[in-house]
Amino acid sequence: MKTIAISVNGGGALGIGPLAFMCRLESDPAFVGQTISKRSSAFAGTSTGAIIAACLAEGKSAHDTFELYRNNLKSIFTKYPWYKRMSAGCPTYDNSNLKKILQSVLPGCCGNWTKPIFITTTFMNGPSVEKVWDRGDTDVPKWFAVLTSTAAPTYFDVIVDKGNSYCDGGMWCNDPIMTLQAGLEKAGLKKYKILSFDTGMTVPNTDFGNKTLLGWGEYIMKNWVARAGMSNYYEACANIGEDNVFRVSPSISKPIDMDDTSDKTVQKVIDLWDAEYDKVKAKLLDFMNK
């Protein structure tokens with residue numbers, strides 16, 4: 001049996017959707033394995049996907065991680081006071097609650113993880129903007145690696161540490177599936193399959209025409225940073241075979257804001273992923289157990 005590697009895209013509060021899907025999988029009697037964490041041998045994540053990947057790598061079940069999200073989404077997206085948001089460059093949300101949560105659930109350093117994990121971030125003033133935290137970063141706290149990956153521009157503060165500046169990994173790699181594949185190839189792992197979760201889901205493209213500089217910035221943020229296209233999925237299929245990649249991405253008619261934590265929207269996201277499980281269940285279980 002080939003080993004399973006998990007890849008989870010960014011998408012803010014929408015991360016509760018893939019977790020709802022994973023809970024269905026863990027609860028399915030036909031699923032071979034006690035939890036997704038135990039059944040999987042490697043993980044990769046960007047932004048909210050980095051939180052999910054890190055919790056799974058930590059040995060937490062999908063159910064425990066789902067409850068972590070459900071109980072803390074509103075506190076994670078706590079707005080700065082209006083007078084602070086009047087200042088130029090101040091993001092919308094204060095990341096202090098998220099930092100406390102990550103510190104409590106992710107003790108130790110990246111080198112302590114027992115399974116391969118790859119967390120993308122953007123190293124704004126480094127030798128390359130593309131930075132991937134992995135087990136080789138032995139002295140980097142797990143929570144810090146994940147926090148840097150979640151620092152979405154305009155949403156949360158840039159993370160500054162020892163003169164280094166980091167922001168959301170979605171700036172260059174909202175879909176970490178190829179980062180995962182490259183890491184596994186470098187580690188010499190050959191027999192594996194990738195289960196990929198598109199947190200932002202499949203949304204019709206409706207933009208057209210020229211834009212102002214501000215308009216292009218908004219377009220890039222909404223359609224490239226906050227969403228994931230298909231190019232990395234296609235590349236992974238070409239590299240390891242279409243039968244070895246399973247992408248889960250419910251289709252929706254219009255985007256859902258990644259910072260919408262209202263009870264109505266959260267339940268809508270859960271329902272979308274719940275329905276997707278029913279839709280792909282047979283093929284998914286064959287993929288996981290074959």
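This is a predicted model: local features need pLDDT of at least 70, side-chain atom pairs count only at pLDDT 80 or more; totals for chains, interfaces and linings use all residues.

Modeller: The lining of the largest pocket divides into 16 nonpolar, 14 polar and eleven charged residues. Residues are numbered from 1 along each chain as its sequence is written, and side-chain values use heavy atoms, with hydrogens and water left out.

Biologist: What makes a space a pocket and not a cavity?

Modeller: Both come from a 1 Å grid over the protein atoms alone. A cavity is a set of points where a 1.4 Å probe fits but cannot get out. A pocket is an open set with protein on both sides within 12 Å along at least five of seven lines. Lining residues have an atom within 4 Å of a point.

Biologist: What volume does the largest pocket have, and which residues lie nearest its centre?

Modeller: About 980 Å³. A volume is the space filled by probe spheres set on the points, with grid points joined across faces, edges and corners. The lining has 41 residues, and Lys222, Asn223, Trp224, Arg227 and Pro255 lie nearest the centre. Helix α10 gives the largest share, nine residues. Helices (H or I, at least four residues) and strands (E, at least two) are DSSP runs, numbered from the N terminus.

Biologist: How many cavities are there?

Modeller: Two, of 30 Å³ or more. α4 gives the most, three residues. The second largest cavity holds about 40 Å³. Ile51, Leu68, Tyr69, Ile76, Leu98, Ile101 and Leu102 line the second largest cavity.

Biologist: How is the lining of that second largest cavity classed?

Modeller: It has seven nonpolar, no polar and no charged residues.

Biologist: Why is glutamine 181 called buried?

Modeller: Its relative accessible area is 5%. Buried means under 20%, exposed over 50%, partly exposed in between (1.4 Å probe, protein chains only). So glutamine 181 is buried.

Biologist: What makes its pairing with asparagine 239 a polar contact?

Modeller: The two side chains are at 3.2 Å. A polar contact is a pair of N or O atoms within 3.5 Å; within protein, one must be able to donate a hydrogen and the other to accept it, and residues adjacent in sequence count only if both atoms are side-chain atoms. Glutamine 181 lies in helix α9 (residues 177-186). Neighbours within four places aside, it is in contact (heavy atoms within 4.5 Å) with Tyr192, Ile194, Ala236, Asn239 and Ile240.

Biologist: Why does alanine 228 count as buried?

Modeller: Alanine 228 has 16% relative accessibility, so it counts as buried. It is found in the loop between α10 (213-225) and α11 (231-240).

Definitions and conventions:
Ala, Val, Leu, Ile, Met, Phe, Trp, Tyr, Cys and Pro count as nonpolar, Asp, Glu, Lys and Arg as charged, and the others, Gly among them, as polar.
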